[in-house]
Amino acid sequence: MNPDDSASPTAYDLLGGDTKLRELVDRFYDLMDLEPEFAGIRALHPTPLDSSRDKLYWFLSGWMGGPSMYIERFGHPRLRARHLPYAIASPERDQWLRCMAWAMQDVGVEESLQLRLMQSFYETADWMRNREG
C-alpha cells in the first residue's frame, strides 16, 4: 500500500469503503468466535468482542487509506507496544492470518486485493511476534 500515491485508489476504496470494511471485521471476529482452529487467538481477546471489533475496524480504516478513526480516538496505534502483554508467536500470527484470509474470502474481497492485503497483513503480523515459536 502506498498512502502517498493519491492518484491510485486506496485499499479502502478498492475494498468497498466503510460498509464492506465493517462486514470484513465482523466476519473476522465471528470466525474467531466460531471456529476451533482460532481458539488460540480468541483466548487473547476479551469477552464480549465488541471493543476488539471496533478497534480493528477503526484501525483498518486508516491503515487502508480511509478515515483515520483509530488515530482520532487513541493517537498513534503503537501496534507492537499495545500487543506486548499478549503472547504472540508463530501459531498466533498464523491463526490471525488464516482467520483474516477466510473472512476476506467469505465477504467476497476481490482476489488481487486479497493478495495485496495478505502480504501487508503478513508483514505486520510477523513483526508483532514477541515470543519464541
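Student: In which element does Gly 40 lie?

Tutor: Gly 40 sits in helix H3. Helices here are DSSP runs of H or I with at least four residues, strands are runs of E with at least two, and numbering starts at the N terminus. The model is predicted: local features need pLDDT of at least 70, side-chain atom pairs count only at pLDDT 80 or more, and totals for chains, interfaces and linings use all residues. Residues are numbered from 1 along each chain as its sequence is written, and side-chain values use heavy atoms, with hydrogens and water left out.

Student: How do I read accessibility, and what is the value for Gly 40?

Tutor: Under 20% relative accessible area is buried, over 50% is exposed, and in between is partly exposed (1.4 Å probe, protein chains only). Gly 40 has 28%, so it counts as partly exposed. Now look across the sequence. Glu 92 is 52 residues away from Gly 40 along the chain, with 6.4 Å between their C-alpha atoms.

Student: Which elements make up the chain, and in what order?

Tutor: From the N terminus the order is α-α-α-α-α-α-α-α. That is eight helices and zero strands.

Student: What does the radius of gyration say about the fold?

Tutor: Take the radius over C-alpha atoms and compare it with 2.2 Å times the number of residues to the power 0.38. For 133 residues, a compact globule would come near 14 Å, and the chain has 14 Å, so the two agree. Along the principal axes, the C-alpha atoms fill a box of roughly 40 × 30 × 25 Å.

Student: What about the surface and the charges?

Tutor: Areas come from the Shrake-Rupley method with a 1.4 Å probe, and for residues only the protein chains shown count as cover. The chain exposes about 7400 Å², with 51% of it from carbon and sulfur atoms. For charges, Lys and Arg are positive, Asp and Glu are negative, and His and the chain ends are left out. Each charge is placed at NZ of Lys, CZ of Arg, CG of Asp or CD of Glu. The 15 positive and 21 negative charges have mean positions 6 Å apart.

Student: How do I check the length of a helix, say H4?

Tutor: The expected span is 1.5 Å times one less than the number of residues. H4 has 14 residues and reaches 20 Å from first C-alpha to last, close to the 20 Å expected. H7 has 17 residues and reaches 24 Å, close to the 24 Å expected.

Student: Which residues of H4 are buried, and what do they pack against?

Tutor: Start with the general idea: an α-helix has 3.6 residues a turn, so residues three or four places apart point the same way. The buried set in H4 is Ser 52, Arg 53, Leu 56, Tyr 57, Trp 58, Phe 59, Leu 60 and Ser 61. They pack against H1, H2, H5, H6, H7 and H8.

Student: And which residues of H7 are buried?

Tutor: Among them are Leu 97, Cys 99, Met 100, Trp 102 and Met 104. Their cover includes H2, H3, H4 and H8.

Student: Where do I find positive phi values?

Tutor: Then look for residues other than glycine. Arg 78 has phi near 40 degrees. Arg 78 lies in the loop between H5 (69-74) and H6 (79-83), and at 48% relative accessible area it is partly exposed.

Student: Which peptide bond is cis?

Tutor: Read omega. The bond from Thr 47 to Pro 48 is cis, with omega near -5 degrees. Pro 48 is in the loop between H3 (39-42) and H4 (50-63), and Thr 47 is in the loop between H3 and H4. Thr 47 has a relative accessible area of 69%, so it is exposed. Arg 129 is 82 residues from Thr 47 along the chain, and their C-alpha atoms are separated by 23 Å.

Student: Is Ala 43 buried or exposed?

Tutor: Exposed, at 63% relative accessible area. Ala 43 is found in the loop between H3 and H4. Ala 43 and Asp 33 are 10 residues apart in sequence and 9.6 Å apart, C-alpha to C-alpha.

Conventions
Contact means heavy atoms within 4.5 Å.
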